[in-house]
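Trainee: Can you take me through this one? I would like to start with the packing and then move to the ligand.

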Amino acid sequence: FPASSARFDAEQNGKRPTKEDGAMTPIQDVLVRSIPTLVLYDDNGLDIFNDITHVDEYYITNAEMQIFKDKSSEIAHTHVGNNGVLIELGVGSMRKTRYLLDAIVSQNKSVTYYALDLSAQSLTQSLQPLALQFPSIKFVGLLGTYDDSLLYIKEHLTRDENSTRTLLWLGTSIGNTTREEAAEFLARVKDCAMQEGDVLLCGIDRRNNASVVKAAYDDPKGVTRAFILNGLRHVEHIFGGERDELFPLSKFEYVSLYNAELGRHEAYYRSLEQQRVEVDVDNTSHVFEFEEGELIFIEYSIKYDGKDIKQLMDQSGLRWAKEWADQTERYSLHCFAK
Ligand code: AVJ
């Protein structure tokens, strides 16, 4: 959470985000300070995100569930080996993975399922019921960052030459990183965890109609707003502040923008007044001053159309193999091969 400015986009033109900018127009080429997106995903944030997945306007979860419901037997048949290994990057709520595991079991395949996650709580909550429901599948949880887990996989998971690996990266998690970072990450996944013939099934949101995206990320019940504002609570907690002591929620609001041109939703905090926040880190005081209307960047949700996917393949070195879409054609599950 450095006070330094984060550089956005190509050009720096010194323009300050204003209230008017924020409300209606996507802002580009402005300098704003930022908070690492990861602060959104503490245990409380994960719980609220789980609530988001039940919000009607948040079409993403339903779309992906529907794809798994309809296509799991095809996916299990074609892309999961017997004595194969499944590796899911980020466990999520497992509502969709269940369909795939069902199909695997009914095809009498035996697999080991590795689930990676940053949160011990979500690993336990997700894997315990699955282990009961699917006794023939072996479940292994890997706790840590993606990078920790990829290294572990590279160094410790022995390869059975006859079995294929099926990696899963679902829920358009890819949207949280820039396109460049996403390509670099896929290249790392490819190098650390895949061999020729293995596949990565990757759920990715498309560049949908702006009103559809806006409704999904600024839902009328305010679940998304609560999710984003919890990030400030978390930052406050990191700095040792009491609830509402450093970042009072009466002085910040959630700003949701869909930048259609760049195909990404952008989430910000807006300081509602001029204010100064003083925090103490290792006995050194740091002061953050915010202007009235100032935006602080917190999260991208980046969308991919066909051209974007092609670029992702070119940059990552993976090969596009196949795609399944939901009925509304808003969302895709892509199959990328090594
Ligand atoms: C967890 C990154 C997939 O970008 O759609 C949902 C997070 N943020 N609503 C997304 C999120 C606001 C979500 N991902």
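Trainee: Anything to know before we start?

Mentor: This is a predicted model, where local features need pLDDT of at least 70, side-chain atom pairs count only at pLDDT 80 or more, and totals for chains, interfaces and linings use all residues. Residues are numbered from 1 along each chain as its sequence is written.

Trainee: Which residues touch the most other members of the largest nonpolar core?

Mentor: Leu167, Leu200, Leu201 and Ile298, out of 72 residues in that core. A nonpolar core is a set of buried Ala, Val, Leu, Ile, Met, Phe, Trp, Tyr and Cys residues joined through C-beta atoms within 7 Å. Buried means 20 or more other C-beta atoms within 10 Å of the residue's own, exposed means 12 or fewer, and partly exposed is in between, with C-beta atoms placed from the backbone.

Trainee: And what is Leu167 in contact with, beyond four places in sequence?

Mentor: Ile87, Leu89, Val189, Ala193, Met194, Asp198, Leu200 and Leu201. Contact here means C-beta atoms, placed from the backbone, within 7 Å.

Trainee: At what angle do helix 2 and helix 9 pack?

Mentor: Helix 2 (residues 43-52) and helix 9 (residues 223-238) pack at about 170°, with axes 9 Å apart. Helices (H or I, at least four residues) and strands (E, at least two) are DSSP runs, numbered from the N terminus. Axes are lines fitted to C-alpha atoms, for helices over the stretch in contact, and angles run from 0 to 180 degrees between N-to-C directions. The angle therefore makes helix 2 roughly antiparallel to helix 9; under 35 degrees counts as roughly parallel, over 145 as roughly antiparallel, 65 to 115 as roughly perpendicular and the rest as oblique.

Trainee: What about helix 6 and helix 7?

Mentor: The axes of helix 6 (residues 146-156) and helix 7 (residues 179-193) come within 8 Å and cross at roughly 25°, so helix 6 is roughly parallel to helix 7.

Trainee: Now the ligand. Which residues are around it?

Mentor: Ile52, Ile60, Gly171, Thr172, Ser173, Gly175, Asn176, Tyr217, Thr224, Phe227, Glu299 and Ser301. The cut-off is a C-beta atom, placed from the backbone, within 6 Å. Helix 9 and strand 12 (295-302) give two or more residues each.

Trainee: Last one: is Glu278 buried or exposed?

Mentor: Glu278 is exposed, because 11 other C-beta atoms lie within 10 Å. Glu278 is in strand 10 (residues 275-281).

Notes: Contact = placed C-beta atoms within 7 Å.
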